[in-house]
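This briefing covers selected strands and helices of one protein model. The chain and its coordinates come first, and the notes follow by topic.

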Amino acid sequence: MSAWVVLKFGGTSVSSRTHWDTIADIARTRLSEGERPFIVCSAAAGISRALESLVDGALHGSHEAPLAIIRQCHFELASELKVDGQALLGTLLKDLERLAYGISLTRDAGPSLRARVLALGEIMVTTLGAAFLQHQGIPAQWLDARKLLTARYDARLLPRERYLSAQCHHDPDKNLQAVQHEAVLTQGFIASDQSGETVLVGWGGSDTSAAYFASKLQANRLEIWTDVPGMFTANPSLIPSARLLKHLEYDEAQELASSGAEVLHPRCIEPLRQQRIPLHVRSTHNPQIAGTVIAADAVSYGAQVKAISARTDLTLITMETPRMWHSVGFLARVFSVFERHAVSVGLVATSETNVTVSIDPIHGFTLDATAIEALLTDLSAFCKARQISGCAAVSLVGRAIRSVLHELGPALEVLDEQKLYLVTQAASDLNFTFVVDIAHAARLTRKLHGLIFGQIGPDGLFGSTYRELFGHSPGDVKAPWWRTHRSALLEMAADSAPCFVYDAETISNTAQRVQALNAADRCFYSMKACSHPEVLRLLYAAGLGFECVSPGELRYIHTLFKDLDKDRVLFTPNFVPRQEYELGFELAGHVTLDSVRALELWPDVFAGREVLARVDPGHGHGHHKHVRTAGAQSKFGITPDVLPHLAHVARQTDLHITGLHAHVGSGILTPATWSETAYFLASLRTQFPEVRRLNVGGGFGVPEKPGTQPLDLDQLSHSLQEFHEACPRFELWVEPGRFLVAESGVLLARVTQIKHKGSACYVGVEAGMNSLIRPALYGSYHRVVNLSRLDAPAAITAEIVGPICETGDILGRARRLPHTEEGDVLLIANAGAYGRVMSSDYNMRAPAAEIMLHSD
């Protein structure tokens, strides 16, 4: 029989007919090349999290809604694949319903039961996939991974580790190698223990399952097919100038995966290294790109930094006592406490009186405050222990790092401005890591990447940049409005630059798209995004309401629209004085309560009123810490543990909580986010029986970088409609801001000077961070084009800088531009939101003016 090749496909790669067609094409190609494909699949995108939500909901007696989502998702996929979902999955879904019902009765979901529930995600999607491939003429035999992979037994493991983070035997398996099938389809993530019980190989562990299978099969190679075409010198979503890494050695890839590169699971490397099996990282979206090859015989390029990676939302535990000096066994006693609490330690740094460690998430979830408090309490027997939250680890990864540190001196100077909590340098000489505040991580990573890789071109190791690969993304078929109106914009720039220009037609079209979300009963525009009067008039005409966060916004919207119905106004304050709540009840039809304390301080203001209560779901989303508006590090909302107290004080005050609100962040591109928020809020209905409306917030993402897929509004609407069908008693509200106006606005600025300093090129423009502060404040990416030479080929790589006397006055880093001269007009895209409204007269420079463009 032919040799095996293992093909692993992740959640997004198995979630649509288009992607299953790609899987079928790849399998046919391998068969035609004389290899037998052994296909390993994750659960469909979002399903593992949905199964977690089902378990958590069942513990509170409310599992019907997530069960409905899971059922609907798989039946829709079956319909796309043209296979009989009911016949194929009916029994499995009944098993899932039975397990959830049992949890709801017993109010218990131990690790064993949780593993059985989560395993069904992979079982169901591969059942559908096998039927589809067979209908496509591919002889794929469905096999149960639990009969193929067996977990190693270790009596020291706690049940949570045994069932949810198992490690499996992966020695060559002659019986498996000899199966008489031309192709196999099986599951990642799941295995069984020696007694036959279902276990999981760790959150995100399908890569590891595939590596186990490759080792057991002694496969020609393992191909991991994912969303990106390989591993890059940095996260390309943060740094589009990151270059594709063509080759890596096993230990380098292992270090990158462990340091925060999310393309691979850290555990998947070792089984392949032992059998010297090559690993190819490829993209299902772009199968023509060769990707990254990880192998034992990878070409060595000597001592060199190959990538920068970052792990965010890191938690440190620092332990201090003079008793550890010359104390035999101190570290052993301290680390036994971490073991007793089942807390995994990552980075470690020691001195004579201090030990600082980072702690790793367990099974994909960060430890909650209660677990950390218990850990600190037990550590206090040995030392003074405290927690440092909101950190990030930035790592330089490569070969023989120590020998090139002297060459990195100029790059490491950027650390002068940072507070360093911890520095480590591995004995393997593969990395150099420093831990800083999370707020600085993105900016620091960009600076280091620019200094280390900015002047490196493509060669045998480094391939094209992400921007070069996807600068003209096939998915970006619609030309931006500013290309159509280029001539008019150049005339405006000649008269009025620097200036923001807003396109009225784009605003109106976007408003129509949002209003077409049939599942959203009300839509309020978050007017802090852009308060230009003509923008507000367009949105008013489109029928949107207005979300205000200050007295100034309340008064302004009523001044602009004299006959504005209060019902179209939502007031969402936080940490405000009494007078603002009083004004809110006077001018807004709906008021949001962000804190129990306000109710305790001013009960007479709230007596007899109706409000929405803003709830913090405990986690946030978004492209930067400062736009994630939920979680322990955010000032917004009331945490679930305080809600019983809120309900009690509300009853005492005669306050009627008729709505619940949660807003988890900004720049979110995952369509299921808002329905997940709705289900979370609906789960709180027993505490607030008068609730009839749920405000799931805004944060609709806008694609910033080439190759980024836009938010799928149809899918978002569909997921909200599913919620409506499951929970028809609630109204659903949304409050987008940036989504409605960002793409409609551009910033025009003329080039003032061009400067070369060594290998660096600076293109100076007349607008700076006083006009557009988002790049400096959030590290936000805005596309920059030379409007004067719009279709000319790229010729230079430049930093786009303004005239403000600050080193941070940078509007774009390492941007590819055509040959550029003084007087050219640069256009900065997606500047319609949080541009002029956040501007200032800093340096006593007037910010850019605003102009509305109306189509003829």
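Why is strand E19 (residues 499-503) largely enclosed by the rest of the structure? Five of the five residues of E19 are buried, so the strand has the rest of the structure around it for the most part; buried means under 20% relative accessible area, exposed over 50% and partly exposed in between, with a 1.4 Å probe and protein chains only. The model is predicted: local features need pLDDT of at least 70, side-chain atom pairs count only at pLDDT 80 or more, and totals for chains, interfaces and linings use all residues. Residues are numbered from 1 along each chain as its sequence is written, and side-chain values use heavy atoms, with hydrogens and water left out. Helices (H or I, at least four residues) and strands (E, at least two) are DSSP runs numbered from the N terminus, and two strands pair if DSSP finds at least two bridges between them.

**Strand E19 and its partners**

- Both faces of E19 are covered, with Cys499, Val501 and Asp503 buried on one side and Phe500 and Tyr502 buried on the other.
- E19 runs parallel to strand E36 (residues 849-853), and five bridges join the two; Tyr502 has Met852 of E36 as its bridge partner.

**The six-stranded open sheet**

- Six strands make up an open sheet with antiparallel pairing, in the order E13-E14-E12-E15-E17-E16.
- Strands E13 (345-350) and E16 (422-425) stand at the edges with a single partner strand each, so one side of each has no neighbour in the sheet.
- Neighbouring strands of this sheet are turned by 30° against each other on average, direction ignored; axes are lines fitted to C-alpha atoms, for helices over the stretch in contact, and angles run from 0 to 180 degrees between N-to-C directions.
- Six bridges pair strand E12 (residues 304-320) with strand E14 (residues 354-359) in the antiparallel sense, and Met319 stands opposite Val355 in E14.
- Helix H11 (residues 330-340) packs on the sheet, touching E12, E13 and E14, and its direction makes about 25° with that of E14; contact means heavy atoms within 4.5 Å.
- Helix H12 (residues 369-379) also packs on the sheet, where it touches E12, E14 and strand E15 (384-399), and its direction makes about 65° with that of E12.

**Strand E17**

- Six of the seven residues of strand E17 (residues 431-437) are buried.
- E17 pairs with E15 in the antiparallel sense over seven bridges, and Ala393 stands opposite Val435 in E17.
- E16 and E17 form an antiparallel pair over four bridges, in which Gln425 has Phe432 of E17 as its bridge partner.
- The hairpin of E16 and E17 has five residues between the strands, and Asp429 takes a positive phi near 60° there.

**Helices H18 and H19**

- Helix H18 (residues 504-515) packs with helix H19 (residues 533-541) at an angle of about 35°, their axes 9 Å apart.
- Ala504, Ile507, Ser508 and Ala511 of H18 make the contact with Val535, Leu538 and Leu539 of H19.

**Helix H1**

- Helix H1 (residues 17-32) has 16 residues and reaches 22 Å from its first C-alpha to its last, close to the 22 Å expected at 1.5 Å a residue; the expected span is 1.5 Å times one less than the number of residues.
- Among the buried residues of H1 are Trp20, Ile23 and Arg30.
- Just after H1, Gly34 takes a positive phi of about 85°.
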